[in-house]
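Me: I have a structure open and would like to go through it piece by piece. Can you start with what the words mean?

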Amino acid sequence: MKISRLELIHVTMPMVSKFESAHSSRSERELFLVKLTSSDGVTGWGECAAERIAGYSAETIGNAAHAIRNTFGPKLSSRSAVTAADIDGLGVGNPHTSFARSALQQAVLDAELRTVNTSLAAYIGVSADYVSPGVVVGMQDDDRALLREVDGYIADGYQRIKFKIEPGRDVQVVRTVRNHVGPRFLLQVDANGSYRGGDTQSLILLDEFNLAMVEQPLPPDDLEGSKLLAAQMSTPICLDEGIATAADARHAIEFGAGSIINVKPGRVGGILEAHRVQRECAALSAGCWIGGMLETGVGRHANVVLAADVSCTHPGDVSASRRYFATDLTEPFELIDGRVEVPTEPGAARAPIPEVLKRFTTSVERII
Ligand code: MG
């Protein structure tokens with residue numbers, strides 16, 4: 001496919017409630033979409049799920065837009081043909097561009113699949129019709145607010161709840177939630193790398209609460225510490241922030257730093273690498289599931305499809321659109337009877353609704 005036009009559409013979406021993690025707190029989601037038009041006149045969409053400030057990743061929305069504007073756009077405009085797989089190659093010599101490449105790759109793949117009238121599910125071999133998603137509860141000011149949010153999601157039909165912990169706010173809050181939901185409800189926690197090696201005693205105490213996993217307890221580069229902690233805990237350790245490729249996933253699992261991988265297309269450079277991480281996990285009999293970056297329906301489309309892959313051993317963070325946005329950019333993803341339908345329409349992204357996109361657009365820049 002020859003790219004005849006490429007635009008970045010910058011958007012700010014109001015969120016239904018403030019979302020807080022160990023990295024950041026926000027009540028708006030800033031992002032940009034990649035809108036690509038092929039020389040055949042087919043439009044493809046991609047979403048950049050990076051964040052406004054560095055924290056989860058060193059790559060921010062600003063860095064990602066800069067990479068597309070100054071490096072990837074000029075490279076792609078000179079090529080007579082571009083495939084989704086070619087976008088993987090752009091990472092060579094361009095570190096910290098995973099989110100930029102992921103957005104570009106989704107747009108190219110979207111146009112490719114629309115051209116041949118094929119769904120992403122058919123393309124990667126997903127046959128499930130539905131996924132049963134989990135949901136993330138952000139940090140709350142007090143336990144009462146946290147339990148109110150938990151109750152709301154259980155009433156909505158979510159099958160698994162994940163909530164954030166950090167040093168000094170762990171054992172007590174996990175006990176409170178576990179006592180509230182009962183012994184069998186699927187619970188997991190995410191520390192976003194906020195603990196340090198000498199600081200893990202309270203994590204070991206979490207073993208008594210029957211958690212499905214503790215996600216990224218230590219900083220992403222501390223595989224040694226994570227391995228030591230894994231040997232001391234019965235609760236499985238899941239890795240997130242530090243896994244940038246399928247090779248990283250294999251190394252970390254074989255090293256013993258964790259037994260489950262949270263897979264996010266943005267963090268690993270795109271849908272194709274995300275699926276390779278999934279296959280690597282399956283080959284190693286490790287766990288995997290699909291995480292979320294507060295995506296709109298454009299990015300959520302791919303996440304829901306990947307979450308329906310047979311490699312996934314745990315529910316993903318692929319909640320309904322209204323968990324985050326009163327009005328999504330696309331037709332919303334809905335939770336019905338505890339399940340989200342796997343999209344089967346052609347393409348790798350759900351296209352935004354033009355009037356809604358216009359309402360939330362802050363600027364548009366033409367790259368090609
Ligand atoms: Mg995480």
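Reply: Contact means heavy atoms within 4.5 Å. Helices (H or I, at least four residues) and strands (E, at least two) are DSSP runs, numbered from the N terminus. This is a predicted model, where local features need pLDDT of at least 70, side-chain atom pairs count only at pLDDT 80 or more, and totals for chains, interfaces and linings use all residues. Residues are numbered from 1 along each chain as its sequence is written, and side-chain values use heavy atoms, leaving out hydrogens and water.

Me: OK, which residues of helix 9 meet helix 11?

Reply: Ala 246, Ala 249, Arg 250 and Ile 253 of helix 9 meet Glu 273, Arg 276, Val 277, Glu 280 and Cys 281 of helix 11.

Me: And what kinds of residues are in that contact?

Reply: Five are nonpolar, none polar and four charged. Here Ala, Val, Leu, Ile, Met, Phe, Trp, Tyr, Cys and Pro count as nonpolar, Asp, Glu, Lys and Arg as charged, and the others, Gly among them, as polar.

Me: New topic. Where does Thr 12 lie?

Reply: Thr 12 is in strand 1, which covers residues 3–20.

Me: What does Thr 12 touch, leaving aside neighbours within four places in sequence?

Reply: Thr 12 is in contact with Glu 28, Arg 29, Glu 30, Phe 360 and Thr 362.

Me: How far apart are Thr 12 and Arg 29?

Reply: In sequence, Thr 12 and Arg 29 are 17 residues apart; in space, C-alpha to C-alpha, they are 5.6 Å apart.

Me: Last one: how do the residues lining the largest cavity divide?

Reply: That lining has six nonpolar, four polar and eight charged residues. A cavity is a set of points, on a 1 Å grid over the protein atoms alone, where a 1.4 Å probe fits but cannot get out, and lining residues have an atom within 4 Å of a point.
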